[in-house]
Amino acid sequence: MVLSALEMRDQRRKNRFADYQDIITSPIAPGVSILAPAFNEGATIVQNVKSLLSLHYGKFEVIVINDGSKDDTLAKLCDGFEMELTSYAYDYEIACNKIRGIYKSRNRSFNRLIVIDKENGGKADALNAGINVASMELMACIDVDCILSSGSITRMVRPFMEETNRKVIAVGGVIGIANNCDVQDGTVTKYRIPDSLLGRFQVIEYCRAFLMGRMAWTRINGLMLISGAFGFFRRELVVEVGGYFPKTVGEDMELVVRMRRYMEEQGQPYKVSFVPDPLCWTEVPEDEAVLSRQRNRWMRGTIETLQLHRVIKMNLKYGLMGMISYPYWSIFEKMAPVLEVMGLIYTIVLISIGDFSAFYFVALFVVLYLLSILVSSFSLLYEQIAFNNYKDKKDLNKLILTILIEPFYIHPKVVYWGLRGHWDFIKGKGGWGQMIRTGFKKSEDKKNLESTVNS
Amino acid sequence: MEDFQAKIIILFILLMHSSQVCFSQDSIRSLTDSSSVMIFLAEQEEVPGLAYRLVFTSPDQIKNFGADSIIDLTNNEFAISRRFDRLKDVFAWKNNFTPQDSIDSEIQFTLYEQPVNWQKTRDFLNDALAKGEISISSQVIENGSDLISMAHHVPFQSSKKNGFGFFSDLKIFMITAIIVLFVVITISMMLFMIIFKSNKNKKERLRLEYDEKIVGPLSEILFDRSREEIKSLSSEDLHSYFPAELLIKPLFKEVLIERVLSLNKTMKGDFKQKLKALFKRLEFDKLSKESLSSLKWDRVVAGLVQINEMDLTEAETEVKKLVNSSNFQIRSQAVATLLNISKSVDLSFLRDQTFPLSRWQQMNYLRIIRYLQSQKDLHLESLFESENQSIRLFGYKLVRILGRVDLVQLMVDKFDKVSETEKIEMLYTFEVIGVPVDSKLITDSLRSDNEKLIRRSALAAGQIGDESTEVALWEILPNTTSFQLRKTILKSLKSLNPTKYNSFIKVNSLTDLQEINSHLLDPLLQDV
């Protein structure tokens, strides 16, 4: 809480003196390739790509990767933007599934747009296909259905431009919740909390995880995760480490960890930065079935990433990432559901053998409940002070109520979904179990893996 | 028996009236005679195992006996009272119904319900005292130095009886303390945040209020007064626009300064000069200079911004001191400010900067230098001599971006002596400017081991190369494994010598070469 408050304070102070308009047209500013994988997005693809093309920045390109969609995504793109198949000489610098064609528009207005049509291979594979085509210094990996504010690139590019003593290798952004909000010209103009309890819970989670958690990690340069929906990377370094690993469902976290590992192994000072400004919004699942699948996937992704890179655990060679970030993620993110259930089982055992102290149980429960409320309330108040997006008093009251009931109603479900994630991982859901069990001995092993497969 | 009883009673009376009775640890080592036994027992509370009964020989007393009396029916000569656990209770009960000097009763000792004589009682008591099983009733501790041994004889009393059981259980205490701590921290943090937010809201409201009070008078001054009039405004006139009671408030001054600066950015000509005059008349320039010595970096930077916007050239000396500040924000703004207000026309302060120059700083300085170079000769070439590589690279970029063709030759002269990173930047500059340079620079770079340098020189060759660079390109092409580099080389070759290029493609059936060729020929891919 203290670390995140300090980081937020510094960010806001810096923003006071930043002229972001300058970046838009400055020749010094780096170019950005926006990579947006699309699968069966026919209904909204044209609108989404138009909003991407209207971002306020001088030097950027938009690369939409149609990942073997079964609907009319490609047709809509071709019609909407006058796209034509080109004779692009494609280099499989990073391995990916077969590229069927690369399209450019004959209309100069859409000159920034490139469409890649490929065989289905998943999000990571699609991103790798896009990386091979990207020609700019930085690349932004986004979800095509995310809403980006017009100034998002200028804000996200700034950390890359500011640092001199360390190389900024990646910058993460906040994913705000657009459910029930008014959106105009690519920006949320009026914030409202979602109607459902699950949606409101995710608002609290957004405050906790993004505004507090990631800001604090950024302060100590221990951030191990950048959201796959909105993250900026140095293209050269991503290629150097072999791009995304398509055989894990947590490809976003896995890439960041691998990039960090690479820099540690090379002995180069670096930083993974984070911008807390509200620049990107998405619709979060309010249906329990969808949310459970999402959390299941997140847990499997976390386990897979930690398993792949377990060499760094408590390894001084990997600095703070090995000594603090990895153990933290291992205990408080990966093992948290298991530890909670073990605690429950232990309590039941104590009751059954008669060695149960009701007093201590209640006291401990009260402590943990108060801790939960403390952290959540602080994060909400933090949001109020930093951005004050949720102004409506009724909305705030609902959020406070959500904080109070979350430990009883929603958290057990989250624990259960996490456990299911563990179980599915053990069953080998997702593939490449052996590879994940073996892990990457070095960060560059991913490139060697591909050469073995391709040979 | 009777003598014995008389003595007991007299002694008891004496003891009852004594003010202090002290039995120190040393004074009672053992009881010897019946007197000492009686004296000792008279002061004690219950002695475990020892009880007392009164034996009466006079039948008249029988009717006064309470419960637990035992009456010997055989001879009707004596009666035994109920059991007493304390000797003092025996005498107190006896006094209720017999004259004090009556000698028709005697005390019977019982040990574990068995009647015993005083000798056995004495032995029992000595034994218990030696083992520490009974304590000595004392009101004054004479020997204060032997607390431990005395404490050994102090009867244990559970603290739970006195309500301190809570603290005696460590776990309960710790958990309760933790809970209380959490509650206190939670409430404190929330209170702090609520107060903070409330203050922030209040400040925002005040800002809006002050802004409304500022806009009107400021517009009046700018439109109704000339620059000279503003400079010579009296205090009364000034306070008629901005009340004195508001001008002393820091927040009002802050809002007014912000409004002046924002207007300065949008206005031109005479209005700008009026704003600067007003800024000085309000003595805000002093505030700006004072900010430079603040310990908070954001205040220093705010001061620098004000100095920059208001062209406070008299602050140049103070600003120069901040050029090499360890704080990134301060030194960035200091250099930007100095570029603007400096009377001297060279960039020596930038050249001599020791910290690496970030792209963010470069972007800011470029904006200022671009504006200034039309008015002053900035001697950009001085940056080439900097000991800081990032400054030198910035110099080469400036040549490219500002189109300073006149400085290209200087760069060419330095080319062989600089690092590969600088060569890459220089080649990029030569390529963009489009001025032909000594082809040896390009051909030598094409033969280096650094792929980035080779790529940059291949690109440059396509724009400003000649026959010798073309030859060099053909030489390195077969050994180039990188697809992207081959694409670049072929593109440059196509530009330098289309005929030879086309012939080459015709005779080469390699897939990637044909693909690259198709790519280069596709009109949609000209800028990809």
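Which residues of H6(A) are buried? View 1 has the list, and the notes below apply to every view.

This is a predicted model, where local features need pLDDT of at least 70, side-chain atom pairs count only at pLDDT 80 or more, and totals for chains, interfaces and linings use all residues. Residues are numbered from 1 along each chain as its sequence is written, chains are lettered from A and ligands numbered from 1 in the order in which they are written, and side-chain values use heavy atoms, leaving out hydrogens and water.

**View 1. Helix H6 of chain A is mostly covered.** Of the 11 residues in this helix (residues 152–162; helices are DSSP runs of H or I, at least four residues), 10 are buried, meaning under 20% relative accessible area with a 1.4 Å probe, protein chains only. They are Ser152(A), Ile153(A), Thr154(A), Met156(A), Val157(A), Arg158(A), Pro159(A), Phe160(A), Met161(A) and Glu162(A).

**View 2. Asp145(A) sits in a loop of chain A.** That loop runs between strand S6 (138–142) and strand S7 (147–148); strands are DSSP runs of E, at least two residues.

**View 3. Ser240(B) lies in helix H9 of chain B.** The helix covers residues 235–241. Ser240(B) counts as exposed (over 50%), at 54% relative accessibility. Its side chain reaches the backbone oxygen of Asp237(B) at 2.3 Å.

How values were computed:
Polar contact = N/O pair within 3.5 Å; in protein donor to acceptor, adjacent residues only side chain to side chain.
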